[in-house]
Amino acid sequence: MAQVQFISTSPQELQQQINEGVKIQLQEFLKHFKPVQPKTYLTRQEVATMLSVDISTVHNFCKRKKLNPLGFSGSSRVYFLRSEVEASLKPLNV
């Protein structure tokens with residue numbers, strides 16, 4: 001095993017140099033790191049509450065392709081991706 005001797009370096013200077021090296025590596029890592037947000041699914045009632053509308057309005061939005069309903073084959077349960085519901089909202093030019 002190789003040995004390294006620090007003759008004219010104080011413990012504080014060594015710690016500072018190590019911290020700088022770690023900081024540079026962490027900054028490089030964070031440049032390429034993109035956290036993945038978990039997908040959140042909402043029920044019809046949750047979407048209606050979120051948009052402050054009736055469930056029948058949510059149904060009409062689905063019929064008019066304003067919302068993309070998701071579900072399991074053979075099941076009557078309907079879900080919506082929160083990100084898609086939020087993306088369907090568009091700013092108004094008022």
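Student: Which residues line the largest pocket?

Tutor: The structure is a predicted model. In that model, the lining of the largest pocket comprises four nonpolar, one polar and two charged residues. By name, the lining residues are L51, F61, K66, L67, S88, L89 and K90.

Student: How much space lies in the largest pocket?

Tutor: Rolling a probe the size of a water molecule over the atoms shows where empty space is left. For the largest pocket, that space comes to about 180 Å³.

Student: Is L67 buried or exposed?

Tutor: L67 is found in the loop between helix 3 and strand 2, and it is one of the residues lining the largest pocket. Its relative accessible area is 7%. Because the limit for burial is under 20%, L67 counts as buried.

Student: What is the separation in space of L67 and S88, C-alpha to C-alpha?

Tutor: Both L67 and S88 belong to the lining of the largest pocket. Along the sequence they are 21 residues apart. In space, C-alpha to C-alpha, L67 and S88 are separated by 7.0 Å.

Student: Is L42 buried or exposed?

Tutor: L42 lies in strand 1, which covers residues 41-43. The relative accessible area of L42 is 5%. Since a value under 20% defines burial, L42 is buried.

Student: What distance separates the C-alpha atoms of L42 and V78?

Tutor: L42 is the strand 1 residue of this pair. Along the chain, L42 and V78 are 36 residues apart. Their C-alpha atoms are separated by 8.5 Å.

Student: What distance separates the C-alpha atoms of N60 and I18?

Tutor: N60 has its place in helix 3, residues 55-63, and at 31% relative accessibility it counts as partly exposed. N60 and I18 are 42 residues apart along the chain. The separation of their C-alpha atoms is 61 Å.

Student: What is the N to O distance in the salt bridge of R82 and E86?

Tutor: R82 and E86 are four residues apart in helix 4 (residues 82-88), so they are separated by about one helical turn. R82 is partly exposed at 33% relative accessibility, and E86 is partly exposed with a relative accessible area of 41%. Their side chains meet in a salt bridge with an N to O distance of 3.5 Å.

Student: Which residues form a nonpolar patch on the surface, and what is their accessible area together?

Tutor: The patch is made up of L26, F29, L30 and F33. Among them, L30 lies in helix 1, residues 11-32. Together, the four named residues have an accessible area of about 420 Å².

Student: What is the phi value of S52?

Tutor: S52 lies in the loop between helix 2 (44-51) and helix 3. With a relative accessible area of 65%, S52 is exposed. Phi is positive here in a residue other than glycine, with a value near 55°.

Student: What is the phi value of K65?

Tutor: K65 is placed in the loop between helix 3 and strand 2 (70-71). K65 counts as exposed, its relative accessibility being 73%. Although K65 is not a glycine, its phi is positive, at about 65°.

Definitions and conventions:
Residues numbered from 1 in each chain as written. Predicted model: local features only at pLDDT ≥ 70, side-chain atom pairs only at ≥ 80, totals over all residues. Heavy atoms only, no water. Patch = residues over 30% accessible without salt bridge, like charges linked within 9 Å, V, L, I, M, F, W, Y side chains within 5 Å. Areas by Shrake-Rupley, 256 points an atom, 1.4 Å probe, with all protein chains shown as cover. Helix = DSSP H or I, 4+ residues; strand = E, 2+ residues; numbered from the N terminus. 1 Å grid on protein atoms, 1.4 Å probe; cavity = no way out; pocket = protein on both sides within 12 Å on 5 of 7 lines; lining within 4 Å. Points joined across faces, edges and corners; volume = space filled by probe spheres on them. Nonpolar A, V, L, I, M, F, W, Y, C, P; charged D, E, K, R; others polar. Buried < 20%, exposed > 50% of the residue type's maximum accessible area, 1.4 Å probe, protein only.
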